[in-house]
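Here is a short report on one protein model. It is written to be read beside the sequence and the 3D view.

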Amino acid sequence: MQREDDAHGGSAAIMEPSTHRLQQTELDFYENYSWCLNLFPTISQISRYLQQELLKVTPGAEDWRAAEIQTNVYLLACAISNAVDDYIAGDQYDFSKITSALPFTKPGISLFQRAISLKAKARLVRVHRLRRWRGQWEAALIDLLKAFLSPGSAPDLELREGRLSDLLRTSPMPPELGIQRLRVPAAFRSQDLTSNDVLLLGNKLKASIPDPTRPLMIFGLRTAGSYFAPLLRASLETQGFRVLDGVTVRPKGGMTTPEIDCVRHCVRERGRAVVIDEPVYTGSTLSKAVDALQQCGTSKEDIFVLVPVHASGRHWRDQNPCALAGVEVITLEPEEWYKQRLLSDEQIRERMGEYFRNTGFEVTGVSIDKQAAAINEQLRKWSDEKFHNRVKRAFRVELRGSDGTPGFRYVLAKSVGWGWFSYHASLAAERLEEYVPRVFGLRDGMLYMEWCEHHDQPFDRATWIQAAGAYVASRVRRLRLDADPAPALLRENRHKGFGDVAGNLSRAYGLKATAVLKRPRLSARLADLACPCPSLVDGKMRPLEWLHGPSGPLKTDFEQHGLGGKTEINMTDPAYDLAEAVLHWELLPAEEADLLCRYIEQSGDTTVQQRLFLNKLAAGMRAMYVAHSNLEDQRLAHRAQEFNRDFIVAWNFLTQQTMRHCASMCCNPKSQGWHAPIISLDIDGVTDRFLFGFPSTTAAGIEAISMLKAHGFSVAFNTARSIPETKAYCESYGFAGGVAEYGAFAWDANTGREQILVDELSAHQLTVARRRLKAVPGIFLNDDYRYSIRAYTYERGRTIPVPRLLIQNLLSELRLDRLSYHQTYLDTAVVAKSSDKGKGLLALLQMTGQENVSTIAIGDSDADLPMFATASRAFAPGNITCRRQAQALGCQIAGSSYQLGLLEIVRKIVHPNGETCDLCGPGGLTSGDLFSELLRIADRNAFGLLARAAFDLSWVKNFRV
Ligand SMILES: [Zn+2]
């Protein structure tokens, strides 16, 4: 971590401050906030925390701690307002996605919505006491906020706090509200906004209101609006404006009766409406809010929109420039944000001065020199240009020791949240001290830490694995959560990590409609799988995030990706960090075992293995999603090749981890060696199909393979897949060997012998084609393929083949007469004409000394025809795409498709007359876990599944806002 040499002239020595720890006053303060590790406390817990904070408010106190406590009171009180408003409004739904995709559903949906709005009206009567309380709460909160804003004029601060405290104690909140989990305002957790920015927006509004005598109504868009609206109101009232009302809405879910009443009241009073929200991507929600106001009679000229602009969302109005036409939009540009001001040289100098004074050093200067500028440029390059990017900047800090020796440090200041939404960063830094770069302190939501140089020098993998295992275990021991918020979030459709897993796994139901209907049920099932040690996990274990420290690897970016609100996956199971490590470090099975072993030994989490597979799915799906959304982002076009690689790594990971998991459920996985008859088995369309958004086998596939193995058949894969993947499949299923890349490569698992089956001239033509395809913008290649080419482009989260004409013209234009191509459902394969699956099979037989033995081929497409022609017997499942040609070659076609077809074929091969024997056994899946269940469902009739699913109304949860 420490640079030995000085890149700036060699004069200044680097000094070691006497302590590694954060400042004691900060430590003492933040240590009292262990509860902040859990970003999603329940509303009851929030009430309790607010009571505690209210007791700490000291009138007249002016240091940073007093300011933090006031901020916390504000944040916690608004969290309660938000939860109560959501509760009063009842469940709200947004079906616009269905009605725009399937217009014929409109009448049904509108009927349903009418029922919901009737239910909501009935609910208003039921919750009338809570509504009255909410009114009192709002008044008391505004009153207290006014006292915070102008401390001099409010000698009765304690009285105002007392009112809020009393209201908390006597609140008529029903128990089902108390157990709900906080909705996190992204503005204050991940978007670098502060309460000061709300006040700044208020000042801008004041400057642009022509006639200050007309009253105002604040219209906040929940969730952020619940936090912004009361503060804005308090600030405007403090400055003499008349505010009629503050109301918060979720415009996507429509307005409730009391919300409409508020707006009408404002119209009657000739008031103006002020809409306020957090930074937006497109402004569509804002324009919905403006529409709603207009529908209630507000004229466009009387609407102001206040919105901070995020650095990654400067062009939010480009997508729909007419949306807010005629409405006055007041923005807070990224440069105006309060946290940008904290990054000025003077502010940094003051902060660093305080931190270093305790270590016996004086700060003599702060600057952004050449190296700091280079660091900032590097940080910019690494960023994904997304809303979760933090305000951060590196500085060079000049120091002088007590004996006068000069020195310097590079310090990184990074925004980590606001008020209690930032304290987890300090707690994590302190508790993970030996695994993370030195942290100097946390103040005003900014974390100040030592900048450590990233070296390109790779890690010794064994050392890193030990460190990573211990690091994840330390998080379990030291950053444990009091209770796991993930299950509740998952049930409410608010958990990205397992929500995406549920979404992808629901595809096992075959039809898209069934998948949508079943998704909430699957979420609920995943929520039932409890983690015994929920923790603030790291959430990002990529090699890029690790540094060489003086005594071992150091983890950067350790505080924000585990739990982070809407933009993060919010995983709480440490198994997720292990899964991320296996994925991004591309760990071999033996390395994975070492990592787990180290982790278990240090954490005592002995059941991690059982939870690992689903966490691997979550990690892989997340990586695939991130890679795809980066590929679609024009601003990141220059990094497209990197994201293509990320996508392939994630795809391979999902495919192979799932395959290993399925193979582990097959009986007798040991290789059988070579003996007649040899079965030449295709993968895609036969053992596997595109099941969960990536290929997998099903229960029938597992049963078929188990049956072949139990009866001692010698099986070889003969597939279009890459060499490493074919080998992995053979090894996991215990097959004797395989042919990969459409017959371009043969491999004997028993001896390890391999043979390339592409002639030199064809190989040369492949190189030419590869080079040319790489130059076509938007076309990507999978570099795992060595003796054939896989070309594709991206659409809707997956790869698709390149246009037929493009590839055809390219081959003829370049006179690549020795090449041909196949279009698959995922990509375009360019192959040497001289090799095919039939020749591959012959080469494999020859290599293994089995030239004249009988062979059985099982395949499903054009590419399998040469294999059918070569083999003694041929079979195909019912989904075969070249039925007539196959039949002409004597291929027998099963009645069933895909894996059920394979099972039918295998039964016929093993026992032609339908009898059974001692070897038959139960075979296939025995375990009753969720994933096995889905593998069974995948074999069932898709329409039957839809008919059953349609009667299960839990699907409406998908559309809750
Ligand atoms: Zn048998």
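## Basis of the model

This is a predicted model, in which local features need pLDDT of at least 70 and side-chain atom pairs count only at pLDDT 80 or more, while totals for chains, interfaces and linings use all residues. Residues are numbered from 1 along each chain as its sequence is written, and side-chain values use heavy atoms, with hydrogens and water left out.

## Domains

The chain is divided into domain 1 (40-183), domain 2 (195-334), domain 3 (339-450), domain 4 (461-652), domain 5 (666-757 + 835-925) and domain 6 (776-831). These bounds come from an automatic or database domain assignment. The centres of domain 2 and domain 6, taken over C-alpha atoms, are 51 Å apart.

## The open sheet

Helices and strands here are DSSP runs, numbered from the N terminus (helices: H or I, at least four residues; strands: E, at least two). Two strands pair if DSSP finds at least two bridges between them. An open sheet holds 5 strands in the order β6-β7-β8-β10-β9, with antiparallel pairing. The edges are β6 (361-367) and β9 (439-443); each has a single partner strand, so one side of each is left without a neighbour in the sheet. From one strand to the next, the twist averages 30°. Helix α16 (residues 370-382) packs on the sheet and touches β7 (392-401) and β8. The direction of α16 makes about 155° with that of β7. Contact means heavy atoms within 4.5 Å. Axes are lines fitted to C-alpha atoms, for helices over the stretch in contact, and angles run from 0 to 180 degrees between N-to-C directions.

β7 and β8 are antiparallel and joined by 9 bridges. Arg400 stands opposite Pro406 in β8. The two strands, β7 and β8, form a hairpin with 4 residues between them. Gly404 sits in that turn, with a positive phi of about 90°. Strand β8 (residues 406-415) also pairs with β10 (residues 446-450), antiparallel, over 5 bridges. Here Ala413 has Tyr448 as its bridge partner, and Lys414 stands opposite Leu447. β8 is mostly covered, with 9 of its 10 residues buried. Buried means under 20% relative accessible area, exposed over 50%, and partly exposed in between (1.4 Å probe, protein chains only).

How many residues of strand β24 (residues 828-832) are buried? The count is 5 of 5. Thr828, Val830 and Ala832 lie on one side, Ala829 and Val831 on the other. β24 runs antiparallel to β21 (residues 789-795), joined by 3 bridges; Ala791 stands opposite Thr828. β24 also runs antiparallel to β23 (residues 819-823), joined by 5 bridges. Leu819 has Ala832 as its bridge partner. β23 and β24 form a hairpin with 4 residues between them.

Ser762 lies in helix α28 (residues 760-774). Ser762 is buried, at 0% relative accessible area. Leaving aside neighbours within four places in sequence, Ser762 is in contact with Arg818, Leu819, Ala832 and Ser834.

Cys917 is partly exposed, at 29% relative accessible area. Cys920 counts as buried, at 15%.

## Backbone details

Two cis peptide bonds can be checked in the 3D view. One joins Arg222 and Thr223, with omega about 10°; Thr223 is in the loop between β1 (216-221) and α11 (224-238). Another runs from Ala676 to Pro677, with omega near -10°; Pro677 is in the loop between α25 (640-663) and β13 (678-681).

Asp557 has a positive phi, near 50°, and is not a glycine. Asp557 is buried, at 17% relative accessible area. Tyr742, also not a glycine, has a positive phi of about 55°. Tyr742 lies in the loop between β17 (737-740) and β18 (745-748), and counts as buried at 8% relative accessibility.
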